[in-house]
Amino acid sequence: MKILALGLNHETASVELREQAAFSPEALQPALRDLTGGGGVSEAAILSTCNRTEIYCGSDSGRDQRVLNWFRRHTGFSRNILAGNLYALPNEQAVKHAFRVASGLDSMVIGETQILGQMKHAFHTAATAGATGKVLNRLFQHTFSVAKQVRTHTAIGAHSVSVAYAGVSLARRVFTRLSEQTALLIGAGETIELVARHLAENGIANLIVANRSIDKAQTLARTVGCDAITLGQIPAHLARADIVVSSTASTLPILGKGAVERALAARRHKPMFILDLAVPRDVEAEVSRLRDVYLYTVDDLKSVVERHRGLRRDAAVEAEAIIDLQVVRFMRWMRSLDSVPVIRQLRRELDATARSEADKAVRKIRNGEDPQAVVRQLAATLTGKFAHHPSQALKQAGTDGHPGLKSAARQLFGLSTKR
């Protein structure tokens, strides 16, 4: 059995090509049935995300070209485009690639966890479509086990590497319990959306989203379940905010020193954590001089993020060592499959011989022959028949000068080296 991983990702192809190669969720099962139904590919799974489209195949013949042609038909890519953007990884390389992808080592952000869930979903979809078998079932289960081992035994995911997550982590240091705090988010772009999701996941008590366009604020508010206001309403709500996170495209500050001073007075100088993720800054620099205000800018967080990226890169080295060992173990199992047909044939022939001789012995006993003599003869006959071919082969090997067969025979039959 051969394994093949074929596809393209964020390192080999542009977003336009990745979009063209992507499979919609409803197209996955029909595609899998089409790929495995034409002969040559007995097992298949398709992983399709915004950053990659990959096909994992198992086949007896290693029909790489058939899979490549099938992928060309799906994408409409020319041979030239595929030649410059596609990778085709056989056997051991395919196994290692699967382990690295699931462990977050092949992602844009080293150590990200979303890809593991996406791989599990891809495997479930393929299994539901009846497109997986012994090899891919074993490959994906081993892949998930390796990813868990990497997460458990390395710090690959222990350090935040996004500004949004780093900011929320910082807020958790200032406020022990986010479940008792109120957060005001200014802006409605991707960064603020990430911050909102991270705060919600950390159990923030109350969220308020403020944006110049109330429609955009309401859209985000519906996503995370919070209130939406306009920028003009910020002064009326600022005193409620224990945490303020701002990320807009404004060229002028959104929060001035005076507004924050008034909010602090209304709060009776209860501490306020302000995170300014905008460039140019949304919060006047003078705010940092106010007592009871913890003001951080995007530059403050970038140093944290870069340090964490370095820590993840160090952890990735440990993860690669774990993966290399697990690849060796999986490939040992794969190689053992090559012996299965021979073992089955050997057992079939031995069973057939044993049944035939046993039937003869039963007939002799029924005909009145001495059972003890019949059993002894049966044992001698079976010994002679089972030993005939190996004995002849060993004699011929000695004649032909192939001493290696003698050592192999000792290993196969568990023979002592003593004469």
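What is the relative accessible area of Arg197?

A: Happy to. Arg197 has a relative accessible area of 36%, which makes this residue partly exposed (buried is under 20%, exposed is over 50% and partly exposed lies in between, with a 1.4 Å probe and protein chains only). Please bear in mind that this is a predicted model, where local features need pLDDT of at least 70, side-chain atom pairs count only at pLDDT 80 or more, and totals for chains, interfaces and linings use all residues. Residues are numbered from 1 along each chain as its sequence is written, and side-chain values use heavy atoms, leaving out hydrogens and water.

The side chain of Arg197 meets that of Glu193 in a salt bridge, 2.9 Å from N to O (a side-chain nitrogen of Lys or Arg within 4 Å of a carboxyl oxygen of Asp or Glu). Both sit in helix α9 (residues 190-201), and because they are 4 residues apart, about one helical turn separates them. Helices here are DSSP runs of H or I with at least four residues, strands are runs of E with at least two, and both are numbered from the N terminus. Glu193 is partly exposed too, at 28%.

Now for another helical pair. Lys360 and Glu357 form a salt bridge at 3.4 Å, N to O. They are 3 residues apart in helix α14 (residues 340-366), so again about one helical turn lies between them. Lys360 counts as partly exposed at 36% relative accessibility, whereas Glu357 is buried at 8%.

What about a pair in a strand? Glu54 bridges to Arg52, with the closest N and O atoms 2.9 Å apart. Glu54 is buried at 1% relative accessibility, and Arg52 is buried at 3%. These two also belong to a network of salt bridges that links them with Arg100, Asp106 and Glu320. Across the whole structure, a search finds 10 salt bridges.

Their strand, β3 (residues 52-59), pairs with β1 (residues 2-9) in the antiparallel sense over 8 bridges (pairing requires at least two DSSP bridges between the strands). Thr53 in β3 stands opposite Leu8. Both Thr53 and Leu8 are touched by Phe71, as are Leu6, Ala21, Ile55, Leu82 and Leu86, not counting residues up to four places away in sequence; contact means heavy atoms within 4.5 Å.
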